[in-house]
Amino acid sequence: MTRETWATRAGFILAAAGSAVGLGNIWRFPWVTADNGGSAFLLVYLAIVLLVGVPGLLGEFVLGRRGKKSPVGAFRDLSGSRTWGLWGVFYVVTAIALISFYSVVGGWILRYFGESALGLAGAQPAYFTEPGAYFGAASAGLDALGFHLLFLGLTAVVVYAGVRRGIELGTKVMMPAVLALLIGLAVWAGTRPGAAEAYAFYLSFDLATIRANFFDVLGPAAGQALFTLSLGAGTMITYASYIDEDRSLPFDGTVIAVLNTLVGVLAGLVVFPLLFSLGVDPSQTAPGPGALFVGLAGAFSQLPAGALVATAFFGVVVLAALSSSISMLEIPVSFLVDEYGLSRPQAVALVTVAVVVTGGICAINPTIAGVGVFGFVAGPLVDTLLTAGLAAVLVFVGWVMGRDAVTELRSGAGGVTDALATPWLLAAGVVLPIFLLFTLLTNFGVDASIGFWPTVGVAVLVAAAAFLGVRTDRSLV
Ligand code: PHE
């Protein structure tokens, strides 16, 4: 059986951008930003997207396009080592952890969408009256389980339809719709009273605040940057494995990162003015999974034509979430198809049944040893898995693929890439894994503020020295 490929170049870009743009941008980004001080967080986050996200994205692309397999096969075949192949299973596990909580949040969104659409018929959407209590009842338990199953079912249908007819076609419709609706909503939100305050909170960069808070926001900013770019989960490896032509990976990667950032910033331009117009100061509200639902639902309920705005908004979020969840489900599916020769329908069925159970546990959200399962999976677990996952990709690209990675990056790309390929490899192999290690440590509560700059400085020097060494050996460059 020949392996599936994308039908068009735009197909790959839109599918990968569709994976990146999701609940991470619209649900997670605004509250993580609010929680970490607004604009002070935003700048650090943007820097990490540029300096870590884009090179990281290229690492996954190079690995995927060269390997032409699911992460397991790609790691094994490119290294010739079974141990690296086993490491690939890590990404299958990460993907299952991701979709387990993601599909629960997707279920909440479906419910709010349905509720808002019902409200169009006349009666107010049920969540308008008591947003907090409504969310409390909807977010966990049997209801959440039911909507989780619905969302998972929709995801499975698209993945079942395959790379071209499902993922590519679906995201070609979803992505432009998401962008158009968000732009409309952001413009409209800008006309609300409170917009000026919101912009000040969100967009006024104050260097002193950034310096004072740098190490506090580092971990969350890095976690958010990886999550929103779908990095460290094997998604971009898998999607790049369906590319069958030589084209510029750096170009594609930049387009995807820019689109994704645009949507995140736009989501902030929608959410913050609405919150401020309600008199809600986002730095004061308890952030958390409910922030978007409770805050915005409250805002919508006070607006003329609130049900209509709410229907449009949650409609956008459903599409954005779906184009991400399919990219999570595709990782274990491609693993079963590539490694065990299952047919696509068999693989989709098997993985879906597994996630019915694992996601079901997140939906019911029992408390184990004092920790809620949902919050643990959606927060620390996923942050840690993604950070470790991307660090391993980069180490592999830098040390196992080495010059092959440079060749792969340059294939199909233009002159700028030729000049940047070697520095990229050294950043991937040395500087970025060290940076990711530090963010991992801060995730575990280690105070990394003392060793951070010296270590990064040494890493940059080592990389620069190695780069100069490589450059003088003309055969290599
Ligand atoms: N990037 C997606 C979002 O922002 C989430 C995601 C993470 C998707 C990892 C795939 C892999 O919603």
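**Cavity, ligand and pocket**

Modeller: In this predicted model, the count of cavities of 30 Å³ or more comes to one.

Colleague: What volume does the largest cavity have?

Modeller: The lining of this cavity comprises 18 residues, and those closest to its centre are S19, L98, F227, S230 and M328. By class the lining has 10 nonpolar, eight polar and no charged residues. The volume of the largest cavity is about 120 Å³.

Colleague: Which space does the ligand take?

Modeller: Helix 1, helix 2, helix 5, helix 10 and helix 14 each give two or more residues to the shell around the ligand. Each of helix 1, helix 2, helix 5, helix 10 and helix 14 also supplies at least two residues of the lining of the largest cavity. The space taken by the ligand is the largest cavity.

Colleague: How many residues of the shell around the ligand are polar?

Modeller: The ligand is surrounded by 16 residues, the closest being A20, G24, Y102, F227 and S230. No residue of this shell is charged, and seven are nonpolar. The polar residues of the shell number nine.

Colleague: Which residues lie nearest the centre of the largest pocket?

Modeller: The space in this pocket amounts to about 740 Å³. Its lining is made up of 32 residues. Nearest the centre of the largest pocket are A47, L50, L51, V52 and P55.

Colleague: Which helices each supply at least two residues of the lining of the largest pocket?

Modeller: The lining of the largest pocket holds 27 nonpolar and five polar residues, and no charged ones. Helix 10 (207-228) gives at least two residues to this lining, and helix 10 also gives two or more to the shell around the ligand. The helices that each supply at least two residues of the pocket lining are helix 3 (39-67), helix 10 (207-228), helix 12 (249-277), helix 18 (415-443) and helix 19 (452-472).

Terms used. Residues numbered from 1 in each chain as written. Predicted model: local features only at pLDDT ≥ 70, side-chain atom pairs only at ≥ 80, totals over all residues. Heavy atoms only, no water. 1 Å grid on protein atoms, 1.4 Å probe; cavity = no way out; pocket = protein on both sides within 12 Å on 5 of 7 lines; lining within 4 Å. Points joined across faces, edges and corners; volume = space filled by probe spheres on them. Helix = DSSP H or I, 4+ residues; strand = E, 2+ residues; numbered from the N terminus. Nonpolar A, V, L, I, M, F, W, Y, C, P; charged D, E, K, R; others polar. Near = heavy atom within 4 Å. Sits in = over half its atoms within 2 Å of the grid points.
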